Structures are given as C-alpha cells and as structure tokens.
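Here is a short briefing on one protein chain. Keep the structure open while you read.

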Amino acid sequence: MSIRGIGIDYSNICTDYNTSYLDRDNTDPDTKKCMKKVMTWTKEFVSALLEEFDYKLYNLSSTTPLKIDDVASKRFLFYSLEKEIVLQSYVLDKEYVEYPSLGAWESENKNSLLIRNDEDGGSIYFYVDKNPEVRKWIEEKLEKFSLDEVEFEAKQ
C-alpha cells in the first residue's frame, strides 16, 4: 500500500502574526486572529471532506464519532510554549474500524483518510492511500495552496 500525505502549512491560510509560530497561548491580537482563521478554515475544509465522501471522524481506537471541533481546535492545531503539543491522529471513514496503532492503519485501511497534526504546530497533514478520488478532490480544493508531499511514518 502506498500512503502519501499532503501537508498544508498554515502560511497558506494566514501570515499576519507576530511570532515565529502560532503559539496557542499567545494573546497578541494578530496571532489570535490568525489562529482563528486557521481553525475556521480547518473546520470548513474537514466538514466539506466529511460531506463529500460520507465520512465520519474517529480516533484510532474509539467507536464514538468525534466532532469537527476536535480537529479545528487550538489544542490539535497549534504548539504551546508552555504545554508543547500532543501529536494526534484522526481517521475519516464511512464506519468505525479499530486500529490499535498507526502501523495497523497503514497496513489495514481500505479507503479511509488520516489527519495528523504537526509536532511544531505549523502544519496539518492528510494521508490517503491510492484512493485517487479523495486525493484528487483534496488537491483540487487546495489548488491555490503550496502543498508538501510527505511520506507516512507510523510513529506517534
């Protein structure tokens, strides 16, 4: 299976902030405004993805569907100088499938998509296998963005 990721740097969404990265604890008005813009974009993009492919959002090992706000949150998207960042992954699929690890998702997923945050809090990653329909949809929606092709690593 060939898992390829599409990395979206937040500079595609917002550039008007006064720090070297978007610190979720920063109270600077421009930084807060920029983080809100990234969270709004994430919510809209993931909502459209869920609707287009009739997906639901899950943790790797929980049957309870999540809310989009779990992904479009400061805790998931941004680094904190005080609290750092917790690396997290979410699965988008039509129904829940339990994956005990990221390695299991890599080898067993059929048509699901994985969303991961970035250890530096500056990007979000969408991983998809050879499903050309989902990949094409993402690339078309993000045609004006500068995207990074990233390899999938089953570590976390």
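**A buried ring and its partners**

F152 is buried, because its relative accessible area is 9%, and buried means under 20%. The model is predicted.

**Aromatic pairs**

- The structure holds 12 aromatic pairs.
- In one of them, the rings of Y125 and Y127 have centres 6.3 Å apart. Their planes meet at 35 degrees, so this pair is tilted. Tilted pairs fall between the two cut-offs: stacked is under 30 degrees, and edge-to-face is over 60.
- Y125 is buried, with a relative accessible area of 16%.
- Y127 is buried as well, at 5% relative accessibility.
- Y127 also pairs with F152. The ring centres lie 5.1 Å apart and the planes stand at 75 degrees, so the pair is edge-to-face.
- Where do the two partners sit in the chain? Y127 lies in strand 5, and F152 lies in the segment after strand 6. The pair therefore ties together parts that are 25 residues apart in sequence.
- One aromatic cluster is formed by W41, F45, F53, Y55, F126, W137 and F145.

**The sheet**

- Strands of a sheet pair through backbone hydrogen bonds, either parallel or antiparallel.
- Strand 4 and strand 5 run antiparallel and are joined by 5 bridges.
- N117 stands opposite I124, a residue of strand 5.

**The largest pocket**

- Rolling a probe the size of a water molecule over the atoms shows where empty space is left.
- The largest pocket holds about 300 Å³ of space.
- Its lining has 14 residues, and R116, N117, Y125, Y127 and K155 are the closest to the centre.
- Which strands each supply at least two residues of this lining? They are strand 4 (113-117), strand 5 (123-128) and strand 6 (147-151).
- By class, the lining of the largest pocket has 5 nonpolar, 3 polar and 6 charged residues.
- Two names return here from the ring pairs: Y125 and Y127 form the tilted pair, and both are among the residues closest to the centre of the largest pocket.

**The second largest pocket**

- The volume of the second largest pocket is about 210 Å³.
- Its lining has 14 residues. Nearest the centre are Y55, D93, K94, K110 and N111.
- The lining of the second largest pocket divides into 5 nonpolar, 3 polar and 6 charged residues.

**A loop residue**

- D120 is found in the loop between strand 4 and strand 5.
- Is D120 buried or exposed? D120 is exposed, because its relative accessible area is 52% and exposed means over 50%.
- D120 and V71 are 49 residues apart in sequence. In space, they are 16 Å apart, C-alpha to C-alpha.

Note on methods
Residues numbered from 1 in each chain as written. Predicted model: local features only at pLDDT ≥ 70, side-chain atom pairs only at ≥ 80, totals over all residues. Heavy atoms only, no water. 1 Å grid on protein atoms, 1.4 Å probe; cavity = no way out; pocket = protein on both sides within 12 Å on 5 of 7 lines; lining within 4 Å. Points joined across faces, edges and corners; volume = space filled by probe spheres on them. Helix = DSSP H or I, 4+ residues; strand = E, 2+ residues; numbered from the N terminus. Nonpolar A, V, L, I, M, F, W, Y, C, P; charged D, E, K, R; others polar. Phe/Tyr/Trp six-rings, centres within 6.5 Å; stacked < 30°, edge-to-face > 60°. Buried < 20%, exposed > 50% of the residue type's maximum accessible area, 1.4 Å probe, protein only. Pairing = 2+ DSSP bridges.
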